Amino acid sequence: MEISLLKKEQNDFLTQTGPGTPMGDLFRRYWHPALLVEELPEPDCPPVRLELLSEKMLAFRDSSGRLGVIDEFCAHRGVSLWFGRNEENGIRCPYHGWKYDVNGNCVEIPSEPEESKLCDRIKLKSYPLVERGGVIWIYMGPPEHQPELPEYEFALAPPERRFISKRLQETNWLQALEGGIDSSHVTWLHGKNLNSDPLFQGSKGNQYNFGDLKPVFEVVESAGGLNIGVRRNAEDNQYYWRITQWLLPAYTIIPPRGDHPIHGHFWVPINDHQNWAWSFDYHPNRDLTDKEVQAMSEGKGIHVRYIPGTYIPLQNKSNDYLMDRAAQKAGISFSGIDGIAMQDASLQESMGSIQDRTKENLTSTDNGILMARRRLMNAGKALLEKGQMPPGSSPESQRVRSAAFLLPRDQKFQEAAADALIAVPGKPHVTV
């Protein structure tokens, strides 16, 4: 079944997230992961450059431990404050000594006489930051519309039960998101990893993936986004279901396999051509094992190996992702690229930094992608035209989970397994 293509103006609507764009305004109504806590570990540590939604900022932790993010550039002559000194509850510009606090207020201009009021009139743009679940979160929208703090289950899990990483991806955010909600590619692109990766192997669900290469998609709306159901044939007149949750604008939760942790992503735009791909694993009712943490740290599962000292993947465009044609030919890896995360990223980056969706030829297995695009456009228009609060920004809509299960063929997953898709602290996840 063919599905209508996007028009160029629709593609622009969805992919552009800078200030003043409809999708940019939508993104600014949510809390987003900005930094790992390890990036600002202690008072007066070095500041961090931060670009999100095409805004260049500087994040720092001051002498009192308070977090702040302000415009990167000094109001005096436009020098990057990244070169500045983090001292005595503020960032001091190295050029002429102007100093700013975590809220962007100018607190000192050394060259001005005591009676000058110039400093009182200077303020850099700033946004609130909060620390939760090993992540520093940012809200970049109107203060009067700031939502409650995020309550995604992974962010509320104890440190012993979660692992979080991030990596740079050289594409628009939407390409990454659409890969995250596309279950039909898993058996092909990641098939060899399902039985070899320590964070996926051993699940009976893997057998169903390989046993039925023609999955059927059933997608239904949820309070915060979509429940993307994919069914495959199973024994005893049953279907094997995998339900991926997507919450607007860019949060995905991937169904677990066996007793392995639940995992998922945030896809946060840096600008229109890059995004931060955040990846998390967590287990709702046990600590992660040492073996699991070691595997994640070594780039297994949905995580990656880095160029030392950066969050740039070791496998990247500049080295052709360390592609191994011999491994591809031998069937060790379907794509010749090692690791699930970089298998995805390599193909998504091959589309160009912003995919031309006017040239696609979509089918029924792309229903989740199609419905996500429509829901994003509808939410963006509703905010633009009516000021309507966007879906997925309330804590209630964020308390959800992905799941995998077997059901008789005459039962609808959204009715029979509704409880499995609700996050309840300490409750085991539903899996096969």
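The domain assignment divides the protein into domain 1 (31–145) and domain 2 (153–420); such bounds come from an automatic or database domain assignment. This is a predicted model, in which local features need pLDDT of at least 70 and side-chain atom pairs count only at pLDDT 80 or more, while totals for chains, interfaces and linings use all residues. Residues are numbered from 1 along each chain as its sequence is written, and side-chain values use heavy atoms, with hydrogens and water left out.

The C-alpha centres of the two domains are 34 Å apart. Across the boundary, 16 residues of domain 1 are in contact with 16 residues of domain 2, where contact means heavy atoms within 4.5 Å.

The interior comes next. A nonpolar core is a set of buried Ala, Val, Leu, Ile, Met, Phe, Trp, Tyr and Cys residues joined through side-chain atoms within 4.5 Å. Buried means under 20% relative accessible area, exposed means over 50%, and partly exposed is in between (1.4 Å probe, protein chains only). The largest nonpolar core has 69 residues, and Leu-52, Ile-138, Phe-154, Trp-246 and Leu-376 are those with the most contacts inside it. Helix H12 (residues 367–386) gives the largest share of this core, six residues. Helices (H or I, at least four residues) and strands (E, at least two) are DSSP runs, numbered from the N terminus. Domain 1 (31–145) and domain 2 (153–420) both give residues to this core, so it lies between them.

Leu-52 shows what such a position looks like. With its neighbours within four places in sequence left aside, Leu-52 is in contact with Pro-33, Ala-34, Met-57, Ile-138, Met-140, Val-268, Pro-269, Ile-270 and Trp-276. A second, separate core has 16 residues, including Ile-70, Ile-91, Tyr-100 and Val-102.

Ile-91 is also one of the contacts of Pro-47, along with Leu-58, Ala-59, Phe-60 and Trp-82, when neighbours within four places in sequence are left aside. Pro-47 sits in the loop between strand E1 (31–36) and strand E2 (48–52) and is buried, with a relative accessible area of 11%. Pro-47 and Phe-83 are 36 residues apart in sequence, and their C-alpha atoms are 8.6 Å apart in space.

Charged side chains make other links. The structure holds 24 salt bridges, a salt bridge being a side-chain nitrogen of Lys or Arg within 4 Å of a carboxyl oxygen of Asp or Glu. One of them joins Arg-92 and Glu-108 (2.9 Å, N to O). This pair links distant parts of the chain, with Arg-92 in strand E6 (residues 90–92) and Glu-108 in strand E8 (residues 106–108), 16 residues apart. Arg-92 is buried, at 17% relative accessible area, whereas Glu-108 is partly exposed, at 32%. Both belong to a network of salt bridges that also includes Arg-85 and Glu-87.

Another salt bridge joins Arg-231 and Glu-218 (3.4 Å, N to O). Arg-231 lies in strand E14 (residues 225–234) and Glu-218 in strand E13 (residues 216–221), so the pair ties together parts that are 13 residues apart in sequence. Arg-231 is buried, with a relative accessible area of 17%. Glu-51 and Lys-56 also meet in a salt bridge (3.3 Å, N to O), and here Lys-56 is partly exposed, with a relative accessible area of 45%.

Helix H11 (340–350) is the next stop. Nine of its 11 residues are buried, so H11 is largely enclosed by the rest of the structure. Among the buried residues are Gln-343, Asp-344, Gln-348 and Glu-349. The buried residues of H11 pack against strand E12 (162–169), helix H5 (173–180), helix H6 (186–189) and helix H7 (191–196). Just after H11, Gly-352 takes a positive phi of about 95°.

Phe-334 lies in the loop between helix H10 (325–330) and H11 and is partly exposed, with a relative accessible area of 47%.

The last stop is Ile-422, in the segment after helix H14 (413–416). Ile-422 is partly exposed, with a relative accessible area of 41%. The C-alpha atoms of Ile-422 and Val-400 are separated by 4.4 Å, although the two residues are 22 residues apart along the chain. Apart from neighbours within four places in sequence, Ile-422 is in contact with Arg-399, Val-400, Arg-401 and Lys-427.
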